[in-house]
Amino acid sequence: MAELPMGKGVSAGRIASNVQKKITRAQEKVLQKLGKADETKDLAFEEGVINFNKQLVEGTKLQKDLRAYLTAVKAMHESSKHLYECLDEMYEPDWYGRKDVDSLFEDSDLLWTDFHQKLVDHALISMDTYLGQFPDIRARIAKRDRKLVDYDSARHNYAAVNKGKKKEGIKITKPASLLERAAPGWAQGILSAHNVAQTSLSRSQAEEELERAQKVFEEINIDLQEELPSLWNSRVGFYVNTFQSMAGLEEKFHREMGKINLNLNDTLEKLENQDMSRKTGSQGARTSAPQTSERTEDANHTLSPGGPPAIPKSPSKLRPAVPPPPKVTPSKDLKQESIINLFGEAATPDISVTSPTQYEAPATANLLDMDLDSLQAATTPVAQNWDSWEATEKTAAPEEPSAEVTPEAPAESVEMPEGLLFKVKAMHDYNANDCDELELKAGDVVLVVTYESQDDQDEGWLVGVKESDWIQSKDLGKKGVFPENFTQRI
């Protein structure tokens, strides 16, 4: 068996006494569980211990969650700092508000640091102080339980001594009588006095042990009876102060951070306006160039390459719309029959009237730029004058209009919606991105109406209803907005 450690100032007798106490307590608990000995009960104190344990569990959980919250604040500070550093690196020196942005980043970093430190001072430290009193009280509760067992054991020992007084007297008297008979007369009185002294000493020791155990137990019990209810009632005020401090610190932090974000937003809006001004100036310089190539392209009926045009910003996005690209100019705007009838059959012996993709343009590709007088002189007989040419045109059989340029059936018989401005035809498919946008397929005819409010109107966007939906239901509930550069006016 290993020897018990002998600490400084600890004697072998003290160790033996402690071991004896543990053995006595263990025996007493066994007897109490077996019902051989009664146990002192205090229901009020037991309820206080239950509340104490509940309060300790709640406080420990709150402390754990508070530490996790502070860790999250620290992580959010680092993430915000890295994000702003990224923007700071991308922010070019000639952009608007460069110095203001640097100052805002410094203010944000200081605000995060101050917020974290105040949370530690006003919440975490108070939490640690609050929980610091529980270990001592818990140790005293355990000590009180041990002293209660000692008190019960001493009480049972004293009762046993008093109960067994007569039996012990009988056991002692019989051997004493035999001894007295064998002893000389002068020794019989001494033996009788010794037996009485031994019985009185055992009873006196049991009584003293009971008084000492009762005193120690009552001292600890009285203190805990006062402290446990007081500690239980203090939890409300502590919780209120802790969360009020956190709420106040968060409110101040978010208010100051809101000011920083507002200033940053204003700076970025001015930067955006600066960038748009630069783009507008460069676009205006390009617009002032001669438009000869554009007129030539329209005259030759060339479609815009590259598929659907770029979609302007949606009205739901609070940004200015990108100016739409030039409208698509279809090859059917100019009637080929009119050009043919203008010169007559004799004037166009070698000119094909097929679609622009089949016609190979000569050096003078634009018919509007050709010299009509020289062309008429080269293709008209000398004896023919204007009057005879008109007579010939009247007597000529009219040509059947081409199926490709047949105009769409008018809708004069259908009542038009109120606020109708004009009609447009979808040149490309458009998939709606928001619930207030209109889904379009190439070839759809849309009745464009006025906006209900001028504040709702966005550059590059129109509002209207499909002609097919209007003819079917006469309801503007199906109207929606759509990009103007995806359509062409009819």
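Me: Which handedness does the crossing of α2 and α4 have?
Reply: The crossing of α2 and α4 is left-handed. A crossing is called left-handed if the near helix is turned anticlockwise from the far one by less than a right angle, and right-handed if clockwise. Helices (H or I, at least four residues) and strands (E, at least two) are DSSP runs, numbered from the N terminus.

Me: What kind of model is this, and how are the residues numbered?
Reply: This is a predicted model, in which local features need pLDDT of at least 70 and side-chain atom pairs count only at pLDDT 80 or more, while totals for chains, interfaces and linings use all residues. Residues are numbered from 1 along each chain as its sequence is written, and side-chain values use heavy atoms, with hydrogens and water left out.

Me: Back to the helix pair. At what angle do the axes of α2 and α4 cross?
Reply: They cross at roughly 150 degrees, and the axes come within 12 Å. The α2 helix is therefore roughly antiparallel to α4. Angles under 35 degrees count as roughly parallel, over 145 as roughly antiparallel, 65 to 115 as roughly perpendicular and the rest as oblique. The axes are lines fitted to C-alpha atoms, for helices over the stretch in contact, and angles run from 0 to 180 degrees between N-to-C directions.

Me: Which residues make the contact?
Reply: From α2 come F45, V49, F52, Q55 and L56; from α4 come F134, I137, R138, I141 and R144. Contact here means heavy atoms within 4.5 Å.

Me: And what is I141 in contact with, leaving aside its neighbours within four places in sequence?
Reply: I141 is in contact with V49, F52, L224 and L228.

Me: Which residues of the largest nonpolar core touch the most other members?
Reply: In this core of 38 residues, they are F52, L119, M127, F134, I137, I141 and L228. Two or more residues each are given by α2 (43–90), α3 (98–132), α4 (134–163) and α6 (185–287), and α3 provides the largest share, 13 residues. A nonpolar core is a set of buried Ala, Val, Leu, Ile, Met, Phe, Trp, Tyr and Cys residues joined through side-chain atoms within 4.5 Å.

Me: Is I220 buried or exposed?
Reply: I220 counts as buried because its relative accessibility is 14%; buried means under 20% relative accessible area, exposed over 50%, and partly exposed in between (1.4 Å probe, protein chains only). This residue sits in helix α6. Not counting residues up to four places away in sequence, I220 touches R140, K143, R144 and K147. I220 and K147 are 73 residues apart in sequence, with 8.6 Å between their C-alpha atoms.

Me: What about T71 and M76, where are they?
Reply: T71 is in helix α2, and M76 is also placed in α2. T71 counts as exposed, at 55% relative accessibility, whereas M76 is partly exposed at 48%. The C-alpha atoms of T71 and H116 are 9.2 Å apart, across 45 residues of sequence. For M76 and W112, 36 residues apart along the chain, the C-alpha separation is 8.8 Å.

Me: New topic. What is phi of K474?
Reply: It is near 50 degrees, a positive value in a residue other than glycine. Most residues other than glycine have a negative phi. K474 lies in the loop between α11 (467–473) and β4 (480–483), and counts as partly exposed at 41% relative accessibility.

Me: Finally, how many helices and strands are in the protein chain?
Reply: There are 11 helices and 5 strands. Of the 490 residues in the protein chain, 27% are buried.
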